[in-house]
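This briefing is meant for a reader who is meeting the structure for the first time.

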Amino acid sequence: MFNNGQNGASTVLPDLSPPTVDVSRAGGAVDVRLSGAWTTATVGTVDDDLRALENEATATMRIDLSGIERIDTAGAWLVHRLANAQAGRVKVDLDGVGEDARVLLQAIGDASERDNSSVEQPRGWSPYDFAETIGRAVYGLRDDMFASLNILGATIRGAQMKLGRRHAVNPAAVATHIDRMGIRAVPVIILMSFIVGAIIAQQGAFQLRFFGAEIFVVDLVGILVLRELGVLMTAIMIAGRSGSAITAEIGSMKMREEVDALTVIGLNPIGVLVFPRLVALIVAIPCLTIIANFAALAGAMLIAQYYSGITPYAFIDRLQSGIDLTTVFAGLIKAPFMALIIGIIASVEGMKVEGSAESLGRHVTASVVKAIFVVIVVDGFFAIFYAAIDF
């Protein structure tokens, strides 16, 4: 076939004949003889004839390919479609199959089997489905734990090697990530903590008013914010804000094969991509926790003054007697652990991204959900540990 360049019409090459379909019927048998050039440019003329044969009721069908002069994937697909459509109802015989046609038909058949096997067939629910779901979740958790430990170990080992060679981590990269994850998060952390502190003070004062003990709302806010909510809310916000960004950045690099390129040129992707982000998080989250504590206490102080008549002087005086350094450090000690959890989970999910935008979105979502869940669980373990050691 070639294009004449004027009207876009296709013409058969001089040495090839157009495709033809000759059908002969004898009793319940149908004999189909194919001839001519069965190529992409020509088979459109016989498509309707083959579709009519696909719906024909017969006992047996013999398809003779000995007359085909040339065949490509499009022609082989039409032959495969005809044979496959009738194979479920009648006996189909392929005769005169040349070497080219045999190879193409086999490749198309293999591809069709793979497509059919990749489609999950609907099935009814059984108790085994629940067990299978639990098993897959456990194996997924195991793989995530191994990947997290690998990143943590590689990060610590990389830091040791850098110190041994008297080469520290790139300060420019760390400073950049501190700015993006820490400094730029200050406004939202202040706003969120201020509102949370105000809500706790208002609700606490409302309940304590029935007992004439509104002044104890200062103790309530101080202990709750400094020990638990300050670091927990900060970690949750950073997990949603910076953890998702880390997963998206590393996942995009994985999609564009930049991570593989780093490995090819002899660089460790964990040392280049993960280590600076972990250092930045370890520095930023404790600082943000301190800011969140001050913002929450400021919100509680404002509400206590206007809602309960507790002056700022009385609030601060009661706060000094109600808390001590252990209350402050109980929350700050958690911050580096929260930073490691967020950074490692975000990096693991970023490294698991495949080559599609759907995979990127799925792993970003998983990163945020897993980080928030693990942060809350670890905070609970800290609370149990503090109670056990009376801290």
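Tyr386 is buried in this predicted model, because its relative accessible area is 4% and the limit for a buried residue is under 20%. Its ring takes part in two of the aromatic pairs described below, one with Phe385 and one with Phe391.

**Aromatic residues**

- The structure holds five aromatic pairs, and one of them joins Phe385 and Tyr386 in a tilted arrangement, with 6.3 Å from centre to centre and 45° between the planes.
- A single aromatic cluster is formed by Phe337, Phe382, Phe385, Tyr386 and Phe391.

**Packing of α6 against α7**

- Helix α6, which covers residues 186-208, and helix α7, which covers residues 217-255, have axes that come within 10 Å and cross at roughly 145°, and the crossing in which α6 passes α7 is right-handed.
- On the side of α6 the contact includes Val188, Ile189, Met192 and Val196, while on the side of α7 the residues taking part include Val217, Leu220, Val221 and Leu224.
- Sorted by class, the residues of the contact of α6 with α7 comprise 16 nonpolar and two polar ones, with no charged residue among them.

**Packing of α7 against α9**

- The axes of α7 and α9 lie 8 Å apart and the two helices pack at an angle of about 145°; here too the crossing is described as right-handed, with α7 passing α9.
- Among the residues that make this contact are Thr234, Ile238, Glu249 and Ile250 of α7, together with Arg277, Leu281, Ile285 and Leu288 of α9.
- The contact of α7 with α9 is made up of 17 nonpolar, five polar and two charged residues.

**Nonpolar cores**

- The largest nonpolar core has 35 residues, and the members that touch the most other members are Ile238, Leu281, Ile285, Ile342 and Val375.
- At least two residues of this core come from each of α6, α7, α9 (269-308), α12 (334-351) and α13 (357-389), and α12 gives the most, with nine residues.
- Not counting residues up to four places away in sequence, Ile342 touches Ala235, Ile238, Ala239, Gly243, Leu281, Ile285 and Val375.
- Another core lies apart from this one and has 22 residues, among them Val32, Leu34, Leu53 and Leu82.
- As general background, nonpolar side chains in soluble globular proteins tend to be buried together.

**Arg180 and its surroundings**

- Arg180 lies in helix α5, which covers residues 171-181, and at 32% relative accessibility this arginine counts as partly exposed.
- Which residues are in contact with Arg180, leaving aside its neighbours within four places in sequence? They are Arg241 and Glu249, and Glu249 also belongs to the α7 side of the contact with α9.
- Arg180 and Ser242 are 62 residues apart along the chain, and their C-alpha atoms are separated by 8.2 Å.

Methods
Residues numbered from 1 in each chain as written. Predicted model: local features only at pLDDT ≥ 70, side-chain atom pairs only at ≥ 80, totals over all residues. Heavy atoms only, no water. Axes fitted to C-alpha atoms, helices over the stretch in contact; angles between N-to-C directions. Helix = DSSP H or I, 4+ residues; strand = E, 2+ residues; numbered from the N terminus. Left-handed = near helix turned anticlockwise from the far one by under 90°. Contact = heavy atoms within 4.5 Å. Nonpolar A, V, L, I, M, F, W, Y, C, P; charged D, E, K, R; others polar. Core = buried A, V, L, I, M, F, W, Y, C linked by side-chain atoms within 4.5 Å. Buried < 20%, exposed > 50% of the residue type's maximum accessible area, 1.4 Å probe, protein only. Phe/Tyr/Trp six-rings, centres within 6.5 Å; stacked < 30°, edge-to-face > 60°.
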